[in-house]
Amino acid sequence: ITAIRKLDREAIGLTRLANGSAVYNLVVVAVDKEFPALSATTTVTVLVGDINDNIPKFTEPAFEVTLSEGTPVGTTVTKVKALDPDVGASLSYSFISDGPFQMRRDTGDVIVAEELTTVAGQIMELEISVSDGTSSSNGILIVRLVDANNNDPRFERSSYQFSVPENDHTGQLGMFIGKVLAYDLDLGANGKVTYYISSKTE
């Protein structure tokens with residue numbers, strides 16, 4: 001008995017045993033040359049064992065996650081996943097690109113390793129890899145960083161003093177007295193400052 005094509009354990013439609021082997025069940029017939037011909041049959045079971053001949057592949061073309069700059073170090077923020085049809089394939093995940101994250105090699109969990117600080121609209125595209133010990137493939141993790149409202153507004157001066165004349169013709173309702181200015185280092189709406197008077201002396 002010889003093979004006439006490649007024996008592929010992962011081929012669709014094959015029966016598989018608990019150990020992962022694929023099964024080809026053959027019926028072999030032996031016929032003599034007499035007339036009338038006599039024959040006998042037997043069954044042959046061919047077990048096709050697995051070899052590490054498949055490349056692991058990520059389940060997504062790109063994994064994406066959105067994070068706040070205040071996400072604490074040590075937080076698990078997402079997980080990447082790959083599949084390998086080989087039996088007992090042991091997958092190992094890692095980052096190729098440098099960044100403020102680390103990855104658990106056995107699970108694909110992505111963990112914040114450094115304090116996150118943002119630039120407005122910052123997007124990081126980090127290259128990741130998965131290996132089964134023989135072959136590997138690469139993927140992309142896209143991280144979007146958004147600003148957290150973690151900065152207090154600050155006035156340009158610690159105190160202000162304005163002088164105005166008493167009740168002359170300029171002392172009318174709505175007259176301009178002076179201007180105070182504060183700033184906030186947060187981005188977007190988080191950095192927008194509004195003003196009000198919390199107390200006053202008559």
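Trainee: What volume does the second largest pocket have?

Mentor: About 260 Å³. A pocket is an open set of points on a 1 Å grid over the protein atoms alone, where a 1.4 Å probe fits and protein lies on both sides within 12 Å along at least five of seven lines. The volume is the space filled by probe spheres set on the points, which are joined across faces, edges and corners.

Trainee: Which residues line the second largest pocket?

Mentor: Lining residues have an atom within 4 Å of a point. Here they are Ile1, Thr2, Ala3, Ile4, Arg5, Lys6, Leu7, Tyr24, Leu26 and Val46. This is a predicted model, so to speak of local features we need pLDDT of at least 70, and side-chain atom pairs count only at 80 or more, while totals for chains, interfaces and linings use all residues. Residues are numbered from 1 along each chain as its sequence is written, and side-chain values use heavy atoms, with hydrogens and water left out.

Trainee: How does that lining split by class?

Mentor: Seven nonpolar, one polar and two charged residues. Nonpolar covers Ala, Val, Leu, Ile, Met, Phe, Trp, Tyr, Cys and Pro; charged covers Asp, Glu, Lys and Arg; the others, Gly among them, are polar.

Trainee: And what is the volume of the largest pocket?

Mentor: About 380 Å³. It has 13 lining residues, and the closest to its centre are Phe155, Val180, Tyr195, Tyr196 and Ile197. By class, its lining has ten nonpolar, two polar and one charged residues.

Trainee: New topic. How many helices and strands are in the protein chain?

Mentor: Zero helices and 14 strands. Both are DSSP runs numbered from the N terminus: helices are H or I with at least four residues, strands are E with at least two.

Trainee: Which strand has the lowest mean pLDDT, and which the highest?

Mentor: Strand S1 (residues 15–16) has the lowest, at 74. Strand S8 (residues 92–95) has the highest, at 97. The protein chain averages 83, and 84% of the residues score at least 70. pLDDT is the predictor's confidence in each residue, from 0 to 100.

Trainee: What share of the protein chain is buried?

Mentor: Buried residues are 28% of the 202. Buried is under 20% relative accessible area, exposed is over 50%, and partly exposed is in between (1.4 Å probe, protein chains only).

Trainee: Is Thr71 buried or exposed?

Mentor: Thr71 is buried, at 15% relative accessible area. Thr71 sits in the loop between strand S5 (63–68) and strand S6 (76–79). Leaving aside neighbours within four places in sequence, Thr71 is in contact (heavy atoms within 4.5 Å) with Val77, Val112 and Leu116. Its C-alpha atom is 9.7 Å from that of Glu114, 43 residues apart along the chain.

Trainee: What about Gly88, buried or exposed?

Mentor: Gly88 counts as exposed, at 70% relative accessibility. Gly88 is in the loop between strand S7 (82–83) and S8. Gly88 and Asp132 are 44 residues apart in sequence, and 9.8 Å apart in space from C-alpha to C-alpha.

Trainee: Where is Glu64?

Mentor: In strand S5. Glu64 is partly exposed, with a relative accessible area of 48%. Not counting residues up to four places away in sequence, Glu64 touches Ile142 and Arg144. Glu64 and Arg144 are 80 residues apart along the chain, yet their C-alpha atoms are separated by 7.8 Å.

Trainee: Last one. Which residues does a cis peptide bond join?

Mentor: Phe35 and Pro36, with omega about 0 degrees. Most peptide bonds are trans. Pro36 lies in the loop between strand S2 (22–31) and strand S3 (39–48).
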